[in-house]
Amino acid sequence: VPMVAPGNVQVHVINSTLAKVHWDPVPLKTVRGHLQGYKVYYWKVQSLSRRSRRHVEKKILTFRGNKTFGMLPGLEPYSSYKLNVRVVNGKGEGPASPDKVFKTPEGVPSSPSFLKITNPTLDSLTLEWGSPTHPNGILTSYTLKFQPINNTHELGPLVEIRIPANESSLILKNLNYSTRYKFYFNAQTSVGSGSQITEEAVTIMDE
């Protein structure tokens, strides 16, 4: 098997899900056989928004021939990763380069995990929601938009409310009685807004 590890491994983080890695080629005489390519082993150490450590799954990308760089797609935003590089010949792979740590920046969050509308009264509705399963960063706020829908399914004027990121419920007051409302709800990080979840609910007709 090859005798030495690739040197001068560098990682350039391009965005929250993509990084480029490059390395110096090993001297050909240390390959001790036919140079087949290089393997990059990389794995997520932890999410930076949650301190949970779960079973670490190592991923491997193979770059054929004498390539000295490669792209690592499909990374998770706002996470810490490690990687190393090994050279491969027909017999197997050489020693690993020292582990290199890199971090991906924040991305936009996934949609809130749920939106539940309860306690209808004549002029109010109570909203409860769950934070996104993948915050992909530090949540800065939620945005709630809602509008009435009349019997012919026409949409009325849209109202927009910003809600602090640490809240998980809200009582909406001053609504019209016996009216159907449509709600659009999403979360934000400093990068931008995540995908929204929608729900409908009706205020009651009379007490």
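**View 1. Glu-93 and Arg-86 meet in a salt bridge.** In this predicted model, the side chains of Glu-93 and Arg-86 come together with an N to O distance of 3.5 Å. Which of the two partners is buried, and which is partly exposed? Arg-86 has a relative accessible area of 17% and is buried, because buried means under 20%. Glu-93, at 24%, counts as partly exposed.

**View 2. Lys-116 pairs with Glu-128 through a salt bridge.** Here the side chains meet at 3.6 Å, N to O. The pair links distant parts of the chain, with Lys-116 in strand S8 (residues 112-118) and Glu-128 in strand S9 (residues 125-132), twelve residues apart. Both ends are partly exposed: Lys-116 has a relative accessible area of 42%, and Glu-128 has 28%.

**View 3. Arg-180 and Glu-200 form a salt bridge.** The closest N and O atoms of this pair are 3.1 Å apart. Glu-200 is partly exposed at 36% relative accessibility, and Arg-180 is partly exposed at 37%.

**View 4. Lys-39, Arg-86 and Glu-93 belong to one network.** Salt bridges with shared partners join these three residues. The structure holds six salt bridges. Across the protein chain there are 24 positive and 15 negative side chains, and the centres of the two sets lie 20 Å apart.

**View 5. His-22 lies in strand S2.** This strand covers residues 18-24. His-22 has a relative accessible area of 33%, which makes this residue partly exposed. What does His-22 touch beyond its neighbours within four places in sequence? The contacts are with Asn-8, Val-9, Gln-10, Thr-68 and Phe-69. For a sense of scale, Ile-161 is 139 residues from His-22 in sequence and 46 Å away in space, C-alpha to C-alpha.

View 6. Buried residues make up 40% of the 207 residues. Of the contacts with a separation of 6 or more, 64% are between residues 24 or more positions apart. The accessible surface comes to about 11,500 Å², and 51% of that belongs to carbon and sulfur atoms.

Conventions
Residues numbered from 1 in each chain as written. Predicted model: local features only at pLDDT ≥ 70, side-chain atom pairs only at ≥ 80, totals over all residues. Heavy atoms only, no water. Helix = DSSP H or I, 4+ residues; strand = E, 2+ residues; numbered from the N terminus. Buried < 20%, exposed > 50% of the residue type's maximum accessible area, 1.4 Å probe, protein only. Contact = heavy atoms within 4.5 Å. Areas by Shrake-Rupley, 256 points an atom, 1.4 Å probe, with all protein chains shown as cover. Lys, Arg positive; Asp, Glu negative; His and termini not counted. Charge placed at Lys NZ, Arg CZ, Asp CG, Glu CD. Salt bridge = Lys/Arg side-chain N within 4 Å of Asp/Glu carboxyl O.
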